[in-house]
Amino acid sequence: MKVGLIANPASGKDIRRIVAHGSVFDNQEKVRMVRRILAGLKEAGIEEVLYMPDSYAIVERALTDLPEARRPASIAPLVYWQHNNQEDTVNAARMLEEAGAGLMIVLGGDGTARAACKGSRKLPILALSTGTNNVFPVMTEATMAGLAAGVLASGAIPMEAGCLEADILEIVVNGECVDMALVDVAVAREAFVASRAVWDAGRLTALFLARCKADSIGLSAIGGQLCHCPPSSGTGLALQLDSSSERKVRAAIAPGLFVEAGIVSQQTMTRGTSFPVQQPAVLALDGEREVVLRKKDEAHVRLAQRGVQVVDVARTLEEARRKRVFVRG
């Protein structure tokens with residue numbers, strides 16, 4: 001079975017490094033992570049990997065110092081016209097699905113994982129954290145991530161035994177689903193996108209969350225101070241915001257950056273239910289401004305009926321232990 005690999009060279013380098021105190025995630029560390037992922041895939045019996053080519057040549061650099069005995073036999077780039085933006089990730093994920101990959105491993109932040117899921121909602125995703133705000137991606141050793149992905153893609157462990165269905169949000173404009181978010185949708189009182197990253201909660205009028213918990217960072221941290229919505233619970237949180245409200249929440253929406261948000265109301269979202277959005281506005285999806293709404297638009301945010309399949313590394317490897325996948329004799 002094939003495994004797809006997407007490593008975003010731009011993740012971990014956005015404007016929040018200036019307005020907050022986030023660290024830069026070096027591309028050379030992504031190279032080292034890819035080496036360890038490939039070693040894990042090889043150990044699990046995977047011999048074919050398709051990857052997204054990028055401007056830094058992350059995978060190509062990883063292969064230079066990785067012996068052939070410690071990597072899958074076939075590692076090939078996807079062939080398409082590169083734009084050097086998030087469309088490359090969207091296109092790569094779509095092509096991985098078309099090529100018959102069993103799952104995709106994605107290195108990036110929330111935005112990179114979102115772009116990959118836009119390209120394919122069917123492929124299970126194992127998102128490793130190399131970005132700024134990392135609510136959806138996980139922090140885990142790349143070797144074990146490759147191993148977990150490998151035992152699932154090879155069929156040694158069934159996909160349903162190692163994956164969870166994570167809730168997502170859909171943006172519906174004039175009756176058509178135009179975009180999606182993995183973690184949060186923020187409504188901002190703005191008429192244009194400007195810089196994509198959001199760091200000023202005072203300009204937000206509403207916030208919709210597919211998941212939130214107290215120790216999250218990013219906009220979902222605001223909801224995380226009010227309740228806990230697990231990623232596969234089938235519920236979300238809708239907040240109406242106003243800086244003049246007496247009810248306040250303080251939360252870290254970027255590394256080292258705390259803000260105060262005024263809470264007007266909160267409601268529980270359930271799968272399939274829609275919440276209207278007032279126009280004009282700009283919608284920030286997983287922390288980045290993406291969708292511009294005009295006065296004539298009729299827009300809603302809803303918790304999707306179906307989510308995305310997410311690889312749980314610990315759950316997968318525990319199942320592999322239980323089945324003695326790596327025990328010989």
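User: How is the packing of two helices described, and where do the axes of helix 6 and helix 9 stand in those terms?

Analyst: In general, a packed pair of helices is described by two quantities, the angle between the axes and the distance between them. In this predicted model, helix 6 covers residues 142–153 and helix 9 covers residues 313–322. Their axes come within 9 Å and cross at roughly 60°. Helix 6 and helix 9 are therefore oblique to each other.

User: Is the crossing of helix 6 and helix 9 left-handed or right-handed?

Analyst: The crossing is left-handed.

User: Which residues make the contact?

Analyst: Helix 6 contributes M144, A145, L147, A148, V151 and L152, and helix 9 contributes V313, T316 and L317. Sorted by class, eight residues of this contact are nonpolar, one is polar and none is charged.

User: How many helices and strands does the secondary structure of the protein chain come to?

Analyst: The protein chain has nine helices and 18 strands. Its radius of gyration is 20 Å, close to the 20 Å given by the globule rule for 329 residues, so the chain is as compact as a globular protein of that length. Along the principal axes, the C-alpha atoms fill a box of roughly 65 × 40 × 40 Å.

User: What share of the residues in the protein chain is buried, and what share of the contacts between residues at least 6 apart in sequence joins residues at least 24 apart?

Analyst: Buried residues account for 55% of the 329 residues in the protein chain. Of the contacts between residues at least 6 apart in sequence, 69% join residues at least 24 apart.

Technical notes:
Residues are numbered from 1 along each chain as its sequence is written. This is a predicted model: local features need pLDDT of at least 70, side-chain atom pairs count only at pLDDT 80 or more; totals for chains, interfaces and linings use all residues. Side-chain values use heavy atoms; hydrogens and water are left out. Axes are lines fitted to C-alpha atoms, for helices over the stretch in contact, and angles run from 0 to 180 degrees between N-to-C directions. Helices (H or I, at least four residues) and strands (E, at least two) are DSSP runs, numbered from the N terminus. Angles under 35 degrees count as roughly parallel, over 145 as roughly antiparallel, 65 to 115 as roughly perpendicular and the rest as oblique. A crossing is left-handed if the near helix is turned anticlockwise from the far one by less than a right angle, and right-handed if clockwise. Contact means heavy atoms within 4.5 Å. Ala, Val, Leu, Ile, Met, Phe, Trp, Tyr, Cys and Pro count as nonpolar, Asp, Glu, Lys and Arg as charged, and the others, Gly among them, as polar. The radius of gyration is taken over C-alpha atoms; the globule rule is 2.2 Å times the number of residues to the power 0.38. Buried means under 20% relative accessible area, exposed over 50%, partly exposed in between (1.4 Å probe, protein chains only).
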